[in-house]
Amino acid sequence: MMVRRPIIAGNWKLNHGPEETRAFFKKLEGAAPSTPPELLIFPPALSLTTALDIAPPWVHIGVQNVFWKEAGAFTGENSAQMARAVGSSHALVGHSERRQIFGERDDDVTRKAETVIKAGLTPVVCVGETLDERAAGRVEVIILRQLSAILPVLAEWPDVKVILAYEPVWAIGTGETATPEDAALAHATLRERLLEEVGDERGRGVPILYGGSVKPENAAALLSTPNVDGVLVGGASLKPESLLSIAAAGSVDTPRG
Ligand code: PGA
């Protein structure tokens, strides 16, 4: 037997300023089991340095968004290089809120993923269909189109870690969760295309997270779904207790092999 350690990532979105960030990590350390899980937290940019100052070593800190240029006259943007310089290790790219509210397109996702990798950060690239797209039977078409935006990136940097997240838009912040069957289908579709396009080794080396109303009650079922290598949690990541119980749900003994 070996212990399977899925990736548990928390996306705080525009929540938790420095004060709440400090309180979160204080509580997290107090509530952590003796072998704490590996967590990945994406605080808002203005809480990044606070998180980096006080997060325990088993927590990795990432930035929620960066611009695809490193520096220059781009008022209001974040730089991947600067995120790295303060100590971040990961960056979200192409979250559906960025696509829907801020008009990001697939070509922005490609450029941002490239910039993130060049800065030495691990991109967590999000894909997922809307409710209308699902109703129209276009899940595969949409997620494969979104995936194609990063295939050249995977080919160009064959040894760099890239994480993918399937986040059906209709399940984000709605309380609606994809069933394990929905998730299994979408994850298998993504995995298959990865294997076809970038080969076995590279394709299997890309973890695929599920995101969309993940909570302690549904985490175990989702995390035991084939091809689900972890979860990206929004609302339920704001409280240390619920994030830890999601992590505990995913840490199960599985037969080796
Ligand atoms: P949610 O958000 O868990 O609140 O649905 C997930 C996400 O947007 O990453």
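**Helix packing and a ligand site: a friendly walk-through**

Colleague: Which way does α1 pass α12: is the crossing left-handed or right-handed?
Modeller: Keep in mind that this is a predicted model. Helix α1 covers residues 18-31, and its axis runs 9 Å from that of α12. Where α1 passes α12, the crossing is right-handed.

Colleague: Are α1 and α12 oblique or roughly parallel to each other?
Modeller: The two helices pack at an angle of about 45 degrees. Angles under 35 degrees count as roughly parallel, and 65 to 115 as roughly perpendicular. That angle therefore makes α1, relative to α12, oblique.

Colleague: How many nonpolar residues does the contact of α1 with α12 have?
Modeller: From α1 come Phe-24, Lys-27, Leu-28 and Ala-31, while α12 brings Pro-240, Glu-241, Leu-243 and Leu-244. Sorted by class, two of these residues are charged and none is polar. The nonpolar residues number six.

Colleague: Are α11 and α12 oblique or roughly parallel?
Modeller: Helix α11 spans residues 216-223 and helix α12 spans residues 240-250, with axes 8 Å apart and an angle of about 25 degrees. Angles under 35 degrees count as roughly parallel. Therefore α11 and α12 are roughly parallel.

Colleague: And which residues of α12 does α11 meet?
Modeller: On the α11 side are Pro-216, Ala-219, Ala-220 and Leu-223. By class, this contact has six nonpolar, three polar and no charged residues. The α12 partners are Ser-242, Ser-245, Ile-246, Ala-249 and Gly-250.

Colleague: At roughly what angle do α7 and α9 cross?
Modeller: Helix α7 is residues 139-148 and helix α9 is residues 180-198, and their axes come within 10 Å. The crossing is right-handed, and the pair is therefore described as oblique. The angle is roughly 40 degrees.

Colleague: How many charged residues does the contact of α7 with α9 have?
Modeller: Glu-140, Ile-143, Leu-144 and Leu-147 of α7 face Ala-186, Thr-189, Leu-190, Arg-193 and Leu-194 of α9. By class, six are nonpolar and one is polar. The charged residues number two.

Colleague: Now the ligand: which residue has a polar backbone atom 2.6 Å from a ligand oxygen?
Modeller: Of the 14 residues around the ligand, the closest are Lys-13, His-95, Glu-167, Gly-173 and Ser-213. Glu-167 places a side-chain N or O atom 2.7 Å from a ligand oxygen, and Ser-213 has a backbone N or O atom at 2.7 Å from a ligand oxygen. The residue with a polar backbone atom at 2.6 Å is Gly-173.

Notes. Residues numbered from 1 in each chain as written. Predicted model: local features only at pLDDT ≥ 70, side-chain atom pairs only at ≥ 80, totals over all residues. Heavy atoms only, no water. Axes fitted to C-alpha atoms, helices over the stretch in contact; angles between N-to-C directions. Helix = DSSP H or I, 4+ residues; strand = E, 2+ residues; numbered from the N terminus. Parallel < 35°, antiparallel > 145°, perpendicular 65-115°, else oblique. Left-handed = near helix turned anticlockwise from the far one by under 90°. Contact = heavy atoms within 4.5 Å. Nonpolar A, V, L, I, M, F, W, Y, C, P; charged D, E, K, R; others polar. Near = heavy atom within 4 Å. Polar contact = N/O pair within 3.5 Å; in protein donor to acceptor, adjacent residues only side chain to side chain.
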